[in-house]
Amino acid sequence: MNRSINKIAILGSGIMGSRIACHFANIGVQVTLLDIVPSELNDEEKEKNLKLEDEQVRNRIVNNALQAAIKSNPAPLYKKEFAKFITTGNFEDDMEKIGEADWTMEVVIEDLKIKKELLSKVEAHRKEGTIITSNTSGIQINLLIEDRSDDFQKHFAGTHFFNPPRYLRLLEIIPTEKTDKQVLDFLMDYGDLFLGKATVECNDTPAFISNRIGIYAIMDILHLMDKYEFTVDEIDALTGPIMGRPKSATFRTCDLVGIDTLVRVANDLYKNCTEDESRDKYKIPAFIEKMIGNEWYGDKTKQGFYKKERDDKGKRVILSLDMKSFEYNPRSKPKFETLELAKPIDDLKERVLALSKGKDKAGDFYREMSFGIFAYVSNRIPEITEDLYKIDEAVDAGFGWELGPFANWDLLGVEETIKKMEEVGHQPAAWVKKMLKAGIKSFYVIEEGQRKYYDIPSNKYKVVPGTENLIILEKFRTNNVVWENSGTTLFDIGDGILNLEFHTKMNAIGGEIIEGLQKSVEIAEKDFRGLVIGNEGTHFSAGANLALMFMLAVEQDFDEIDMAIKTFQNAMKRLRCSSIPVVAAPKGLTLGGGCELVLHTDSVQAAAETYIGLVEVGVGLIPAGGGSKEMAMRTADSLSEPDIDTRVLQEAFTTLAAAKVSTSAHQAFDMGIFRTGIDNITINQNRLLTDAKHRAIDLAEQGYTQPVERNDIRVLGRTGLALFLTGVSAFRMGNYMSDHDLLVTKKLAYVMCGGDLSEPSLVSESYLLDLEREAFLSLLGEKKTLERIESVLKTGKPVRN
């Protein structure tokens, strides 16, 4: 069947339902969002003399829920305008609209009886052959198809979106015994290609895959915390980014999710997983029981493991809970030898190895925690899934782990760890020993340019499904490295296309990356037909190396700074005017110099979750790697006589002056950073480099023509300067900016208007680059600028004067 989803009906507009509706709207699907009818008028409706029969009242619950979602942070929509794809209604007046839907998704309260009653109504209205799913985090899916027709059962499955649905990449698909294979395959592909999800098929077992493993990991840490007498601050320092897990680590995650929710899920797992050898891990520790008794549930009750308060000076402070006294105290900075040794190590795998070898109690904790999770995941096969890679995919995407349990086990050495595990009472599953006995020493390998996993039934390696045709840089690391230095690696990714990967800290742009850019273009022009610039890390680039600029400015070495800026500008010109197409593949943070790099490529293939902007004004500088020039150049065509329209230039100036950062790739089009018809969006970041490669091939095969430097850029000179200076001066008079802000914005205006020209003129790119560099150097000599840069280097946040 040639199936497509043009319309979806979502039943239930709570936290999950409304946000799932928004994510479908993000991809242009028409959404019908329905919920219950209120049983009584509220005070506002009474004042307006409304009646229960009025449509405004009958749709109040769904409309309020949708508006709350749209206004929420983080935003569920790529752009607020996408809400136009959502229409609302209620279960009593609008159920017939289900008949127009290609997919009906039930997302009501986690109550089996209520779900089954609603699904019976769905059957009465749905069109035969359309998909039906129930979104749940743990209700047994097979129970939901009782008393349903054969067609309903064939087209029904469970879904488990993670909150918030736009940002958390996991979508678990749970088929029933009756789900048609074609329906399952469609849902798996649709989640991947259209919703941007890591879609993982799960068995119909308690909490499915991700929550089963993730909740075990949290509960195990709670028990280990008691054993090792760690504090809240110490656990979060040990279990966050240092080991490849999210900033929220353990206890901040608990506060965000809700400690009551954690307890409910853990209790359900203890009740339902009677054959689980580690079932006792789900018993709630006494200190958690006390928190539940105090109704300290986390963010929803304003206190949990952490609490926010104002100090005597009115400054916001975060306090952490002392588990012995049950009082909140100022946060402390934990110090362990193991942590101190690991912190300087940028490479995650090397860092995790260092943590596992620690000689203090932090090292003991890492080993015991790792051994526990290794044994646990091995014993969940085939209960929760038959395939080990699905466990890694689910935990990575659902809980934000950079290394799944089996990948982590490979890193520490499967054979080397088993004896140590058994010595401390952690028994791995029999199939692991069978694997080792067969001479297979790891769960994953790269063979024949493919990432493969150990398939337990066949006792051999198989390609990880869905990755066969994807560009995964790990596949190329052994045999396809063309060139590398300390900050970059250049890969041959096939079909005449190269890929340049950055791997400095936060992919900050310094000398090694600039060298890599220059060398990549040189090699590509000689022997290849295109270049992609992208990586598989969380972020594309956080910008230029501010620490280096700060150090040189403090030493008053402005000749060196001038040379560094010019070198960067020349690298950008090299990208722009190369004889082969260059495609940037940004995702995550793409700031400052990272944004400037993107602006100089022939085409951009951006991940939907790309947060891009020229943020230099925030630290008292202006973009000087061609960013100011590029934004001025992109507005030049709107400045032609006789009808000069300055609105586009004003918008570009405002974007730079406010240091705006897009909240999505879609918003970057509105900001003028991405170009309609030239740049594109990939919704699933796993496909980003693949799509970027295809874009480079397309440009090459369309007959790529080498660009030349422009010398026809129209600028307004004093005419534009007068306009901008009047506006920023008014802002200063109104105390909306400081004297230093005024200085910075005047410099920016000077560059974007082409300097102090007596009349509108045509200038070259090189002319504007010189203006950029001069303005940057003058600002870097300002005391206030150095104070801002120092603040950013210390706190990560710019300070306004």
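**Exercise 1. How many bridges join strand 2 to strand 3, and in which sense do the two run?**

Solution. Five bridges join strand 2 (residues 30-35) to strand 3, and the two run parallel. Strands here are DSSP runs of E with at least two residues, helices are runs of H or I with at least four residues, and both are numbered from the N terminus. Two strands pair if DSSP finds at least two bridges between them.

A word on the model before we go on: it is predicted, so local features need pLDDT of at least 70 and side-chain atom pairs count only at pLDDT 80 or more, while totals for chains, interfaces and linings use all residues. Residues are numbered from 1 along each chain as its sequence is written, and side-chain values use heavy atoms, with hydrogens and water left out.

**Exercise 2. Find the hairpin of strand 13 and strand 14; which residue takes a positive phi?**

Solution. First, the pairing: strand 13 (residues 450-455) and strand 14 (residues 460-463) are antiparallel over four bridges. One of the pairs is Asp 455 with Lys 460 in strand 14. Then look at the four residues between the strands, where Asn 459 takes a positive phi near 60 degrees.

**Exercise 3. Describe how helix 24 packs against helix 30.**

Solution. Begin with the geometry: helix 24 (residues 627-635) and helix 30 (residues 765-780) pack at an angle of about 135 degrees, with their axes 8 Å apart. That angle makes helix 24 oblique to helix 30; angles under 35 degrees count as roughly parallel, over 145 as roughly antiparallel, 65 to 115 as roughly perpendicular and the rest as oblique. Now list the residues: Gly 627, Ser 628, Lys 629, Ala 632 and Met 633 of helix 24 meet Glu 765, Leu 768, Leu 769 and Glu 772 of helix 30. By class, the contact has four nonpolar, two polar and three charged residues. Here Ala, Val, Leu, Ile, Met, Phe, Trp, Tyr, Cys and Pro count as nonpolar, Asp, Glu, Lys and Arg as charged, and the others, Gly among them, as polar.

**Exercise 4. Is Glu 630 buried or exposed?**

Solution. Locate Glu 630 in helix 24. With a relative accessible area of 2%, Glu 630 is buried (buried means under 20%, exposed over 50%, partly exposed in between, with a 1.4 Å probe and protein chains only). To finish, check its neighbours: leaving out residues up to four places away in sequence, Glu 630 touches Arg 576, Leu 599 and His 600.

Key:
Axes fitted to C-alpha atoms, helices over the stretch in contact; angles between N-to-C directions. Contact = heavy atoms within 4.5 Å.
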